[in-house]
Amino acid sequence: MSEDWTIRPARRSELPRLMEIERDAGARFDAIPALAGIPEVVTSLDDFAEAFDLGLVWVAAAAADDAPVGFAYADPFDGALHLEELDVLPEWGRRGIGAALVEAALAEARTRGLPAVTLTTFRDVVWNAPFYARLGFHVIPPADWSSAMAGLVAYEAGRGIPAALRVVMRRDVAL
């Protein structure tokens, strides 16, 4: 946390704003040649609402007006808590917000008695796999994926996100 922002559970009324934050944060990928042409995939309001109903959507809110400037949401998946999406508005980046949102997900996994947080992300994008590695996540090799995780990666590929550019990562939590 900081004096500029705080992490808190999302409010249902904020869910449409999270779609805008995701779109704005995703614009950073346009500058990466390897990702040119990958379709923009934005979380649906229904997916946000489902995670919200499970208590699995967190926002980073600006201290000045309590407006969301970043968010994370997760789902129970494959025996762990799966971090589906984490985004921070570019102008709010590099302040520790992403790390704090990850910590919220890790704390929730502990509270729910889940042994780990998992995610899929781009292997070579600085604010993706290297960021999560700095936070203690490790890459799970494809040979070690469960059938559910392999299915998730295939689903993402079907939405236009090339599996060859992705990694599955996991961080165990102390229960």
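A residue counts as buried when its relative accessible area is under 20%, as exposed when that area is over 50%, and as partly exposed in between. The legends below describe close-up views of a predicted model.

**View 1**
Once residues up to four places away in sequence are set aside, T121 touches N128, A129, Y132, L165, R166, V167 and M169.

**View 1. Thr118, a further residue of strand β5.**
T118 is also found in strand β5, and with a relative accessible area of 6% this residue is buried. Neighbours within four places in sequence left aside, the contacts of T118 are with A80, L81, H82, L83, M149, M169 and R170. In the loop between α3 and β5 lies P115, which is partly exposed, with a relative accessible area of 33%. The C-alpha atoms of P115 and L81 are 8.2 Å apart in space, although the two residues are 34 residues apart in sequence.

**View 2. Helix α3 and the residue that follows its end.**
Helix α3 runs over residues 97-111 and has 15 residues; from its first C-alpha to its last it reaches 21 Å, close to the 21 Å expected at 1.5 Å a residue. The buried residues of α3 are I97, G98, A100, L101, V102, A104, A105, L106, E108 and A109, a list that includes the charged residue E108 as well as several alanines. Just after the helix, G113 takes a positive phi of about 75°.

**View 3. The largest nonpolar core, with Tyr132 among its members.**
The largest nonpolar core has 45 residues, of which W58, L81, L83, V102 and Y132 touch the most other members. Helix α3 gives the most to this core, with 8 residues. A second, separate core of 5 residues includes I140, M149, L152 and V168. Returning to Y132, and leaving aside its neighbours within four places in sequence, this residue is in contact with L83, L86, V102, L119, T121, F137 and M169; among these, L83 and V102 are themselves named with Y132 as residues that touch the most other members of the largest core.

**View 4. Aromatic pairs around Trp127 and Tyr132.**
A pair of aromatic rings is described by the distance of the centres and the angle of the planes. The count of aromatic pairs in the model comes to 6. In one of them, the rings of F29 and W127 have their centres 5.4 Å apart and their planes at 50°, so the pair is tilted. F29 lies in the loop between α1 (15-26) and α2 (45-53), whereas W127 lies in the loop between β5 and α4 (129-134), so the pair ties together parts that are 98 residues apart in sequence. With 27% relative accessibility, W127 counts as partly exposed. Y132 and F137 form an aromatic pair that is edge-to-face, with 5.6 Å from centre to centre and 75° between the planes, and both Y132 and F137 are buried.

**View 5. The ring cluster of Phe29, Phe122 and Trp127, and charges over tryptophan rings.**
Ring pairs link F29, F122 and W127 into a cluster. The charged end of R28 sits over the ring of W127, at 3.7 Å from its centre. In another such arrangement, R95 lies over the face of W92, at 4.3 Å from the ring centre.

At 89% relative accessibility, R94 counts as exposed.

Key: Residues numbered from 1 in each chain as written. Predicted model: local features only at pLDDT ≥ 70, side-chain atom pairs only at ≥ 80, totals over all residues. Heavy atoms only, no water. Helix = DSSP H or I, 4+ residues; strand = E, 2+ residues; numbered from the N terminus. Expected span 1.5 Å × (residues − 1). Buried < 20%, exposed > 50% of the residue type's maximum accessible area, 1.4 Å probe, protein only. Core = buried A, V, L, I, M, F, W, Y, C linked by side-chain atoms within 4.5 Å. Contact = heavy atoms within 4.5 Å. Phe/Tyr/Trp six-rings, centres within 6.5 Å; stacked < 30°, edge-to-face > 60°. Lys NZ or Arg CZ within 6 Å of the ring centre and 35° of its normal.
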